[in-house]
Structures are given as C-alpha cells and as structure tokens.
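Please walk through this model one region at a time.

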Amino acid sequence: MNKIENRTFDQLRIGDSASIARTLTDKDIELFAVMSGDVNPAHVDREFAKSDMFHKVVAHGMWGASLISTVLGTELPGPGTIYLGQTLRFRKPVGLGDAITVTVKVAKKNDSHRVVLDCAATNQRGEVVIDGVAEVIAPVEKISRQRVILPEPEFRERGRHFRRLLERCGGLEPIRTAVVHPVDEVSFLGAIEAARAKLIIPVLIGPEAKIRAVAEKAEVDISAYELAPTEHSHEAAAQAAALARDRKVEALMKGSLHTEEFMSAIVSEAKLRTARRMSHVFVIDVPEYPKPLFVTDAAINIYPTVEDKADIIQNAIELAQALGVEGPRVAILAAVETVSPKIKSTMDAAALCKMADRGQIAGGIIDGPLAFDNAISAEAAETKGIKSPVAGHADILVAPDLDAGNMLAKQLEYLADSQVAGIVVGARAPIILTSRADKPLARLAELASLIWTAPRENKVDSCRDLLNTGRFDFVAAAGGL
C-alpha cells in the first residue's frame, strides 16, 4: 500500500480490528538491542541463551509490544492517534523464526474520543504470546499520507571472514609449537587459547618459575603441556630456534620478549632462512568489504626497492592463494593513478607491472599505480574513467613503504572496526609474533592462517607436511615488528 490512512473516532465501530505480521530475525534482535541498549544475554548471547530457562535466543519482550504500537499508529485508529496507556502480559517467549501476528480490536468507545482496544500477539502455532488492553485518543480528522519507505538498516558483521577461516580448521591437526618466554598473562593466555582451540600443541619455553607463576595467576592448569625450562629469554629464543631447525617443533610463537631478540635467534639459524626476502602482510577482515583484504608491507621493509617489492608481492600472492583466493587481484598503491617521474611510487608500480607481464611475478592479476579509493571502490574507479581488472576489486593492497602500509592497516582496524591478523613470509619455520593489542578473534585467525597456508593436496592431512615439503615458507605475525 502506497497510502497510510486513519479511521476517525466517528468511523470506528465496536469489533473493528486490524493486524500486522512479522517474523523475528537476528537483525530484529540486534536492531532493538542497539536502539534500546538492552543487551540482556538472553537476547544477544547465543551461548548463554542455550543454558537459560528457554534454551534459545528469545526476543526482547518490548519488541512484541512495539508491534502493538505499530498497529495503533499506522492501521487502527492510525495516524493522529495519541497513545495513553497499555497493559501487557507476556504469555510465551518469542524465538528466532517465530511468525508473530499482532491484532488490535475496538472494545469500547468513551467520551473525549477515547477508545479502548483489546490487543493480542499470536505465534504461527496460534499460541498467544502477548495480550493486554490499550487506551488511546482517536483522531477526529481524516488523515491520508504517502507511506514513508524506511531505509534498510545495514548491519556490519564483524569478523565473518575470520570465523569462516576458523571453521575450516575444524578437521586439521594442531601444530606442535614452541611458545617462547610466555611469562606475561597476554602471551601465556594467547598460547592457551590456541591450544584450547586445537590449533597448536604448545611447548612452553622459558624460566619455569615465571611461567608457573603466570599460570597460577591466570588459574590455568599447565600439567598437560610440555615445559622446557631456561634461565632467561635469550636462551629460550635460541632453544626454540634450535628445536625448529631440528624439526622437533613445527612452529615458533613469540611470548614476552622483544621481537628483535626473538627474530635474531631465528636469523642466526641458517637452516631457517630462505632465499626470498621476508615481508609482512596484514590479513584484514573489513566489515564493509565483501572479502578479506591483504595489506603489505606494513612491518618489516621500511623503504623497499623495486626488487624488494617484487618479493613482497609474490609473497602476498602465495599467501592469498593458500588462503583460498584464486588469482588474487593486486593493487600497487600510490597517491595518483598516472605514472609520474616526480612520484617514485608510481614509477615503481609501472616497473612492477612490467615485471608481472614478463612472468617475474606470477599467480596474480597486477595493476598500478592505483590510489586507495580506486583500488577498493568500483564507483570511484568508474568516476575517474579507470579501466582495470583490479580497480574496485582488489584483494591485495601493496603500500609504497612501511609508513603507508602500517597507517593504512591500523586506520582500517581502529576507524573501520576491522579485525586484523598479521602474516610475515620468508622463513622456513612458521613463526607467530603475537601483539598485546591483538583482539582474541584476530589472534586465533593468525593461527588459522598459519595452518591453512600449509601446501597440501588434502587440507585435512597433518600440518606436519608444512615443514617437510619446503614448498611454502612463511612467518605469522600480529602487529608491527
């Protein structure tokens, strides 16, 4: 109906009725919670709701009551109605998927244009879930207006790409991982969370007294985990690198020690290095972007040369492929879309595109220079007349230098409400560099990414193939180095 009309006091008859029907969805619950601030876990926490008295997520009681107000204000009596009072009884809970029909019926007409209406809400089984009585002042003048079309509310599903990645890890075996110097609560619990999620089998390496103290403080029983005591963090890093070198652990995970100290122990082990330059990739779950976004390099190579950037791009392409992105689209970023000798990043982009044409960079679709807006927005690219298979559809964003890459990734994290996990490619042993700022989902996604980059025909095979094949070398990191 394009029009919304009322029934005046004089037009109303005892027994007149009107109804509307709605089906409860997740969006209804979320929107009502946002509007009202009511975050009762019975409505918004699925895990809690399973153990609550109803054993399921239920609607806010006032969500159903608000539908009564909708009928009164839009159908009967309709526009011009003044709501005076309402009595309600909540008879049964309303769960997700329940189809609710709300009906109001004129029961009494009083002086001063007051009307009493019986109100009831029933579910698809005919059961009354809400009933009561409303009192209103009915309009005395006829009102007919064009019905206002409301915008569709947009809900940003945070972390959806990361959750899918974690779900895919359900059939994979955990990786035996050396956790180096986990003597603070953040690094210790990060390892324990990963173990509980069956992503790693931790080997705790560091001063025994300190590790046990942090475990006791966190109320975690570590009797099921292997503990390799050392005197200090430097020895812990060296012992972990040696274990990785000898294939006695399959991955390394940084605890409470400086990244430089941790990485120097790895670099000193020749068997843990590769010919390709190490580079950093942020894997970013942006709520407003339809797919995971890869940003590189944001933590290792400060002012990379064209040769460095070729390795950086190849690393990112192989990482994206390992995570299921076929033929990733690579946007080489600059401030402008045209090549200019005055702007080095545009010259680098031109050279890199030609290298890709000649097969020196393979596996992806590469274009540049592209400004950020044209790389991720097809509308922006069209407005500027840019014709490119990458523009507006980029999977990988290649920053001109570390400053730009780091700021871009962190702006997406803190201003666009994104989840950010970091990967660094270029070492033979998988290495996880945790950060204090990591969100729990991002921290687990780093480990899930670590597992899924294993080059196996059958992803449900043991993750031990990762080191044995030598076909893909990478380091997983969270945050900057």
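Does Pro-139 count as buried or exposed? At 6% relative accessibility, Pro-139 counts as buried; buried means under 20% relative accessible area, exposed over 50% and partly exposed in between, with a 1.4 Å probe and protein chains only. This is a predicted model, in which local features need pLDDT of at least 70 and side-chain atom pairs count only at pLDDT 80 or more, while totals for chains, interfaces and linings use all residues. Residues are numbered from 1 along each chain as its sequence is written, and side-chain values use heavy atoms, with hydrogens and water left out.

Where is Pro-139? It lies in the loop between strand S6 (128–137) and strand S7 (144–146). Helices (H or I, at least four residues) and strands (E, at least two) are DSSP runs, numbered from the N terminus. Asn-6 is 133 residues away along the chain, yet the two C-alpha atoms are separated by 7.8 Å. Leaving aside residues up to four places away in sequence, Pro-139 touches Asn-6, Arg-7, Thr-8, Phe-9, Pro-77, Pro-79, Gly-80 and Thr-81. Contact here means heavy atoms within 4.5 Å.

One of those partners, Pro-77, has its own backbone feature. The peptide bond from Leu-76 to Pro-77 is cis, with omega near 0°. Pro-77 is found in the loop between H4 and strand S3 (82–90). Another cis bond runs from Gly-368 to Pro-369, with omega near 5°. Pro-369 lies in strand S15 (residues 365–370).

Now take helix H1 (residues 26–36). Ile-29, Phe-32 and Ala-33 are buried there. Seen down the axis of H1, these buried residues fall within an arc of 100°, so they line one face of the helix. The arc is that of the directions from the helix axis to the C-beta atoms. An α-helix has 3.6 residues a turn, so residues three or four places apart point the same way. The buried residues of H1 pack against helix H2 (41–44) and helix H4 (61–74). On the other side of H1, Val-34 and Met-35 are exposed. Gly-37 follows H1 and has a positive phi, near 80°.

Next, the pockets. A pocket is an open set of points on a 1 Å grid over the protein atoms alone, where a 1.4 Å probe fits, with protein on both sides within 12 Å along at least five of seven lines; lining residues have an atom within 4 Å of a point. Of its 22 lining residues, the closest to the centre are Arg-22, Asp-28, Leu-31, Leu-67 and Leu-150. Strand S2 (17–23), H1 and H4 are the elements that each give two or more residues to this lining.

The second largest pocket has a volume of about 380 Å³. Its lining includes Ile-29, Ala-33 and Val-34. H1 gives the most to this lining, with five residues.

Phi of His-55 is near 60°, a positive value in a residue other than glycine. Phi of His-181 is also near 60° and positive. Most residues other than glycine have a negative phi, and most peptide bonds are trans. His-55 lies in the loop between helix H3 (46–51) and H4, and is exposed at 56% relative accessible area. His-181 is found in the loop between strand S8 (175–180) and helix H6 (185–196), and is buried at 8%.

Key
Points joined across faces, edges and corners; volume = space filled by probe spheres on them.
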